[in-house]
Amino acid sequence: MTEPLLSVQLIVRNEELLLPFCLESVKGIADEIVVVDTGSTDRTVEIALSYGARVYAVPWSDDFAYARNVGLERTEAAWILCLDADEVLAAGADRLRDTLRNASAEAFWVTIDNVLGRLPEARLQHRIVRLFRNRPEYRFRQRLHEQILPAILERTEPDTVAPSSLRLTHLGYFHEIKDPSVKQARNERILSLMLAESPDDPFALYNWGVAKAQGGDQEQALQAMLTAKMLAPAAVAYRPGLVRDIARLLLAQDQPNEAASLLVEESGNYPDYPDLHYLLGEAYQSQGLLPEALQALRQAAACPPDPALYPVEAGCSTFRAQTAIGDVLTKLGQLEEAKSAYEQALTSHAAYKPAILGWGASMEALGIPGADIADRILQLVRVLPGGLLLFAEAMLHIGLYRELLDAFDDPALPPQEPALEPLLARAELQLGQYDQAIARLQLLLANEQAGSTAETVRLLALAAWSGGSAVKEEWLWMLSRDERRQLLNMERRLWQRPQPAAAEHPEVVRSWIDHAVQAGLLDVAKRMAGSDETLRPFVARCLYRAGYIHLASGLLLILLEEGRLDGQSAADLAEILYDRGHYSEAAPLFEQALPEASDRARVGAALCYLHNARSVLHDALCQHPDSPLLRGDLHKTAASIDLLGKLDWHTPWTPAQRRNADVRTPDFLVHDRER
């Protein structure tokens, strides 16, 4: 009898949802399928048997390597391919058997694409040995994240492990398919056992850090990974990924200087690892070191797009890097170059939303007519899945409301997705087309599934109130009892009718005001705020965040006069004064904002004092033009202003919000002062 060529092996437990897809993907290449079941209580075993698998039941002992090795003992095939039940063989099956028949290698690397979310860019790719010759000395090690490679390398040379075209798609990190908390609890339990057995095992420490990071404990995660890095041998396969994860944790904990130091040191060890250069660009950018960030990001973009040796996040050498390059160039004022960078990003991922938004904003800043911007973006995305939704989001981001609505008057466009309707209604609200928005939203509400109904009714209410109408009875019955009560209370407040005994919670009122301001419905927001003086700082904050600088500044100045600025309001007014060059007036307001608005207040205050110092030094230099000391101090001060000014300390605005800067109605300033 001919020896079987390939045995496909799995460990399973309650995998009835995904197991059929896994087995379907390998049934054409396997001479046999061996399934080790560790205690399933669903249809897992039945499904495995239906694919002709041999199923072996073993008690679960918190040891993946043991379970894997049970399967290895039960085959005589020449080669073994190990999979997880939540993996699918996506590429390489057509040439696999011929490759194995003629192979001189002892094992093969397999590429795994980890699906992290619905978007195409939510992917992490890594490489691992999963295909190897069936030899009794090749057995898995490690209770968790079991490894076969160490056993192979003890008996062969590294060059006997060859690359392959096999590619697996892994769905186990997709939260909508599997509950991550269950996996995390299991992993922490097993890792605790591993560390009890070997407290200084860097591999276990690294994975303990990963588990802690997934659970939200970043401090413990960072400490474990730093210890693992100190203990890990320089040539160990997982070390580049460990460096990457440490850098990500440092950035997440607002330690960009420490991240940059690590990445500068380590990127030389792995010069073709795009993730390290990309993260270094992030670290530099967060410190305001834009030229250095640009250099690092360009190094990331120069790396191979599919490096085999490292775990890589999708796009770190292509669309992510080019988009980040565009963002840095925008901050440097190099708008044409930024536009080109965004376009380069879109050549490798045409549906990458940050690149589309950046591209649109750069075209708007360059003065390209809105109709041309709309046409270019629409031509790019119209044939993509979800492309029209991306187009609408980009138009709202830029503030091209008329161009958005005009585009959807084109009968050549495919039928509109339901998700588009709220975006089109928002454009109509911004243009004051309240009746059109109501008609659109009513149609959507009639066909809408539960989940976004409350938001649709909220938009309907805002549109009706803006047009002078009341909420319709049929809209109300689409809401829960609490939602209905809140909406009716807001309508009473709007029309200044008597409130019920239980007044609405202030947070609910603030939420409605914020939604009204964001939708451009300022008159409704003003009427909601009414004569409640306690809401004035919040209203000012909403106006400022939405880019209504003229309206916000007037209200903030009155609050200053009345001595009623809170920390955030003080920081907002300080930013306005700073932008107008009133540094002496802005500085004490930034100080007042501490600690409530600490980051931007601290940087803003420092910039104010530096500007004042530069002014004094400039005047002194005019009187003593030959003083090298004054000239040197002036140069250092200017350099400090330039560096701090590049930090992301200031309130950001979208192009649409920047269009609101000079809006002058309605009057939020005097509604109570004359009473």
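Helices (H or I, at least four residues) and strands (E, at least two) are DSSP runs, numbered from the N terminus. This is a predicted model, in which local features need pLDDT of at least 70 and side-chain atom pairs count only at pLDDT 80 or more, while totals for chains, interfaces and linings use all residues. Residues are numbered from 1 along each chain as its sequence is written, and side-chain values use heavy atoms, with hydrogens and water left out.

**The whole chain**

Begin with everything selected: the protein has 32 helices and 10 strands, and its C-alpha atoms fill a box of roughly 100 × 80 × 50 Å along the principal axes. Of its 675 residues, 50% count as buried, where buried means under 20% relative accessible area, exposed means over 50%, and partly exposed lies in between (1.4 Å probe, protein chains only). If contact is taken as heavy atoms within 4.5 Å, then 64% of the contacts between residues at least 6 apart in sequence join residues at least 24 apart.

**Two annotated spans**

Select residues 7–142 next, which UniProt, in an unreviewed entry, gives as "domain: Glycosyltransferase 2-like". UniProt positions are given in the numbering used here, feature names are shortened, and annotations may be inferred rather than shown by experiment. The chain over residues 7–142 is 24% helix and 35% strand, with its end C-alpha atoms 22 Å apart.

Select N14, in the loop between strand 1 (6–12) and helix 1 (19–26); its phi is near 50 degrees, a positive value in a residue other than glycine. N14 counts as partly exposed because its relative accessible area is 35%. H145, in the loop between strand 7 (123–133) and helix 5 (149–153), likewise has a positive phi, of about 50 degrees, although it is not a glycine. With a relative accessible area of 30%, H145 is partly exposed.

**The nonpolar cores**

In soluble globular proteins, nonpolar side chains tend to be buried together. Here a nonpolar core is a set of buried Ala, Val, Leu, Ile, Met, Phe, Trp, Tyr and Cys residues joined through side-chain atoms within 4.5 Å. Select I373, I377, F391, M395, L404 and F408, the residues with the most contacts inside the largest nonpolar core, which has 94 residues. Helix 17 (residues 387–398) gives the most to this core, with eight residues. Apart from it lies another core, of 75 residues, among them A425, A461, V508 and I576. Returning to I377 and setting aside residues up to four places away in sequence, one finds that it touches I356, W359, G360, M363, F391, A394, M395 and I398.

Select Y401, in helix 18 (residues 401–407), which counts as buried because its relative accessible area is 14%. Beyond residues up to four places away in sequence, Y401 touches L396, A427, Q430, L431 and A656. A C-alpha to C-alpha distance drawn from Y401 to R614 spans 43 Å, the two being 213 residues apart in sequence. Continue to E491 in helix 23 (residues 481–494), a buried residue with a relative accessible area of 8%. Leaving aside neighbours within four places in sequence, E491 is in contact with W465, A470, V471 and R497.

**The second largest pocket**

On a 1 Å grid over the protein atoms alone, a pocket is an open set of points where a 1.4 Å probe fits, with protein on both sides within 12 Å along at least five of seven lines, and lining residues have an atom within 4 Å of a point. Select T330, K331, P652, W653 and R658, which lie nearest the centre of the second largest pocket among its 26 lining residues. The elements that give two or more residues to this lining are helix 13 (319–331), helix 14 (335–348), helix 15 (353–365) and helix 32 (655–658), and helix 15 gives the most, with six residues. The pocket has a volume of about 910 Å³, a volume being the space filled by probe spheres set on the points, which are joined across faces, edges and corners. Its lining divides into 12 nonpolar, nine polar and five charged residues; Ala, Val, Leu, Ile, Met, Phe, Trp, Tyr, Cys and Pro count as nonpolar, Asp, Glu, Lys and Arg as charged, and the others, Gly among them, as polar.
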